[in-house]
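Reader: Hi! Could you walk me through this protein in simple words?
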Amino acid sequence: VAHFYFFAGGPYYDNHAFDSLNYFEDAVKISKGGWLGGNDAYFRAPLYTYWLALIFRIFGTGSLVPIALQWVMGIVGALLIHRLTLRLTRGLPGGPETALVATALALFYGLQVHYETQLLDVIMQCVFGPWTVLAGIKAFRTGRGRDFALFGLIGALGCLAFGIGTSEVEH
């Protein structure tokens, strides 16, 4: 919260550069009804851009709402890491303590805290990464078709969020 407070009053708030600027500009276009690409393929993972566009459409193009939501996503990601660590250490000595340490590391990891205040798709990895692993563990544990379908859906959304297989080079 302190980082968010100081960031919002600092010189980099609403001052987008490099990838953040590209995501911002693309999301503004989409929020106004435009589609991406024209004749060229869109070279970024699209989920973050469309998520940002939806926020801009509802709340306007300021950075406060998306950054606040990204802060919440960082917390959700840390809670997913906690749950994943509990699941992986179930029955082992020190399992709950290990989960607390993993959660604390996720919450206070400097790079994650930094990226929560940037308009970048990196924050989605904090949610989709552990969520996909948890869904996979559940699917293989239960063997139920709906759990495998959910695992596939979360994994697919993760791919749309991460840009796996996309080129990061513009021409």
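Author: Happy to, and we can go from the overall fold to a few residues.

Author: This is a predicted model, where local features need pLDDT of at least 70, side-chain atom pairs count only at pLDDT 80 or more, and totals for chains, interfaces and linings use all residues. Residues are numbered from 1 along each chain as its sequence is written, and side-chain values use heavy atoms, with hydrogens and water left out.

Reader: Thanks! How many helices and strands does the protein chain have?

Author: The protein chain has 8 helices and 0 strands. Both are DSSP runs, numbered from the N terminus: helices are H or I with at least four residues, strands are E with at least two.

Reader: And what share of the residues is buried?

Author: Of the 171 residues in the protein chain, 37% are buried. Buried means under 20% relative accessible area, exposed over 50%, and partly exposed in between (1.4 Å probe, protein chains only).

Reader: Let's pick one residue. Is aspartate 147 buried or exposed?

Author: Aspartate 147 is buried, because its relative accessible area is 6%. Aspartate 147 sits in helix α8, residues 145–162.

Reader: Which residues is aspartate 147 in contact with?

Author: Apart from neighbours within four places in sequence, aspartate 147 is in contact with Ala135, Lys138, Ala139 and Thr142. Contact means heavy atoms within 4.5 Å.

Reader: New topic: where is arginine 83 found?

Author: Arginine 83 belongs to helix α4, which covers residues 64–88.
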